Amino acid sequence: MVDVPETPLLDTVHTPEDLRKLKPAQLRQLADELRAETISAVGVTGGHLGSGLGVVELTVAIHYIFNTPEDRLIWDVGHQCYPHKILTGRRDRIRTLRQGGGLSGFTKRTESEYDPFGAAHSSTSISAALGFAVANKLNDRPGKAVAVIGDGAMSAGMAYEAMNNAEAAGNRLVVILNDNDMSIAPPVGGLSAYLARLISSSEYIGLRSLAKKVTKKLSRRVHKGLGKAEEFTRGMVTGGTLFEELGFYYVGPIDGHNLDHLIPVLENVRDSEQGPILVHVVTQKGKGYGPAEDAADKYHGVQKFDVITGAQAKAPPGPPSYQNVFGETLAKLAETDDRIVAITAAMPSGTGVDKFASAHPARAFDVGIAEQHAVTFAAGLAAQGMRPFCAIYSTFLQRAFDQVVHDVAIQNLPVRFAIDRAGLVGADGATHAGSFDITYLATLPNFVVMAAADEAELVHMTYTAAEYDAGPIAVRYPRGSGVGVALPETPEKLEIGKGRIVREGKKVAILSLGTRLAEALKAADTLDAKGLSTTVADLRFAKPLDEALIRTLLTTHEVAVTVEEGAIGGLGAHVLTMASDAGLTDGGLKIRTMRLPDIFQDHDKPEKQYEEAGLNAEHIVETVLKALRHNAPGVVEEGARA
């Protein structure tokens, strides 16, 4: 039974409209109850915790002061939105977070009118909010746009591109900088809170505007100089000079957990004719929950946990994770090769680069949420003779596709891409699925694209990438643990573009790429039991294809099936193109391609996602039988699946 906290005041709040009926003195109790409910819910579901706890008061204050959903509230990334979901009509489903058929772990437009913009990638909020604000301005409609962006997300260039353009929105745009690492904030307290209220007040802004009008009567030089002096003085006190230069009126820093500070400042900002405005709030990740406050990662992402002790549910012992196999292998290779460096974009532990960094700190670079920079930085390193490994999740590498094309592929620079989270990723859903990297990389000239079938293959492919200096090379591997094979003590340098036969047969050929190999072997067992002798090949390379092996398989087997954990346009498309160009399809060859469906799959357990995608052993068998039934009726056993 779920231990649900007592929340008498929160029980009366179903939407922000209910929240706005409360008295300011009641908001502290509401925030405390909201924090307790968030902790309880994530204890049941797992998910992102620390970031949501850090914005409880801010969430309450924004919905209390702004007229959501008419005022559009956009959370950057969205992993801090659980308290927001509780306050916006979704509390009855909050314990379905990240479960199949349940609430998304991020904001999602189809889920609620209070989620005007879906996001699970970083640094998009200001651009999107600017779009909402300008649209309202052009159509003379009411409503402001409020973007909440963390200081980590401010490491991405896109945030500054948006701010540089934000003047077009005027006072319809409010950006709230949630500074939860104290990375850019001076000390906050009573004085800074007073200054924030002062400089956001209508009296101050009005006086400022009057002063500007008066100084305009003076020479242009004096007027401009006095304006700069006022901004500089205010910037020296508050730390907002950078934002002022980008065209924002800066307010802050203020304590993001003190509602007595937040409420009056946000009221002033809401009613101001000045704009765009940036409000700088300082918060603490994990605020109000001891285990999260004490943890190094502030419980950024957690498994189900015991609310009383904070102890997280431990996964049963098993094979090592792919990310750790990669990180440890790379660290070992770097012991004898001082040209190897590792780059990650704010995901050191998620990519295994933390393992490398522990062993070789001077050669590990976390560039922040800046995938474009990471790729071009790696290209520069490669051009200067280093052997850079750019370790980025598949879904995040999409953000740097132009750099992959322009700065790496066209120049044929030997950047090594370690592509984590390839394939479906479970609870994080469509926004984090690694569905497209085979397609978007294998289409590029000069690229080598590998996919590891298991953790031993990943060791070999990491070494192969390290030794490959002829151009860009990528290895993709999934989230989670390996399949349990023994790791090789000495890695093998694979021949580029050469696959391997894992199982010999005569009638059916299964051409696998990546970790569906285990399912392909299960399918072969079933097919053999039906009298259909089956060959299973691990192609290893999506590019260049092992054309000799593929030609042999296609010309000596009655049915050929390709299997991959990627979208249309990947391995299957390349094999079909090769077969067509070589005339292999002219003689009645039965060839089928199996890949991810042409949809964005919702979050669920990975095994259920692959079942939905039709990429399990039973689906491979069904594909083979349908091909045979269509061309040779009567071959299939009676009672086989349709």
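## First stop: two loops

Select Asp-140, which lies in the loop between helix 6 and strand 3 (145-150); helices (H or I, at least four residues) and strands (E, at least two) are DSSP runs, numbered from the N terminus. This is a predicted model, in which local features need pLDDT of at least 70 and side-chain atom pairs count only at pLDDT 80 or more, while totals for chains, interfaces and linings use all residues. Residues are numbered from 1 along each chain as its sequence is written, and side-chain values use heavy atoms, with hydrogens and water left out.

The phi angle of Asp-140 is near 50°, a positive value in a residue other than glycine. Is Asp-140 buried or exposed? Asp-140 is exposed, with a relative accessible area of 65%. Here buried means under 20% relative accessible area, exposed means over 50%, and partly exposed lies in between (1.4 Å probe, protein chains only).

Next select Ser-123, in the loop between helix 5 (82-90) and helix 6 (125-138). Ser-123 also has a positive phi without being glycine, near 75°. Its relative accessible area is 1%, and Ser-123 is therefore buried.

## Second stop: the whole chain

Now select the entire protein chain. It has 26 helices and 19 strands. Of its 642 residues, 56% count as buried. The chain exposes about 26,600 Å², and carbon and sulfur atoms supply 53% of that area; accessible areas come from the Shrake-Rupley method with a 1.4 Å probe, and for residues only the protein chains shown count as cover.

Contact means heavy atoms within 4.5 Å. Among contacts between residues at least 6 apart in sequence, 76% join residues at least 24 apart.

Select Leu-19, Ile-176 and Val-279, the residues with the most contacts inside the largest nonpolar core, which has 54 residues. A nonpolar core is a set of buried Ala, Val, Leu, Ile, Met, Phe, Trp, Tyr and Cys residues joined through side-chain atoms within 4.5 Å. Which residues does Val-279 touch, not counting residues up to four places away in sequence? They are Val-174, Val-175, Ile-176, Leu-177, Val-251, Ile-254, Val-265 and Val-269.

A second, separate core of 52 residues includes Ala-378, Tyr-393, Val-415 and Ile-550.

Select residues 371-383, which form helix 17. At 1.5 Å a residue, its 13 residues should span 18 Å, and its end C-alpha atoms are 18 Å apart, which agrees; the expected span is 1.5 Å times one less than the number of residues.

Colour the buried residues of helix 17: Glu-371, Ala-374, Val-375, Ala-378, Ala-379, Leu-381 and Ala-382. Seen down the axis of helix 17, its buried residues fall within an arc of 165°, so they line one face of the helix. The arc is that of the directions from the helix axis to the C-beta atoms.

To see what covers these buried residues, display elements including strand 8 (340-344), strand 10 (387-393), helix 18 (394-397), helix 19 (401-409) and strand 11 (416-420). Just after helix 17, Gly-385 takes a positive phi of about 95°.

Select residues 322-334, helix 14, whose end C-alpha atoms are 18 Å apart. Among the buried residues are Tyr-322, Phe-326, Leu-330 and Leu-333. Their cover includes strand 8, helix 15 (348-351), helix 16 (353-359), strand 10, strand 11 and helix 21 (455-467).

Asn-324 is also found in helix 14, and it is partly exposed, with a relative accessible area of 23%.

## Last stop: cis peptide bonds and cysteines

Select Gly-252 and Pro-253, which are joined by a cis peptide bond with omega of about -5°. Pro-253 is found in strand 5 (residues 249-255). Another cis peptide bond joins Gly-275 and Pro-276, with omega of about 0°; Pro-276 lies in the loop between helix 12 (259-271) and strand 6 (277-282).

Finally, select Cys-81, which is buried with a relative accessible area of 0%, and Cys-390, which is buried at 1%. How many disulfides are there, if a disulfide is a pair of cysteine sulfur atoms within 2.5 Å? The count comes to zero.

Definitions and conventions. Disulfide = S-S within 2.5 Å.
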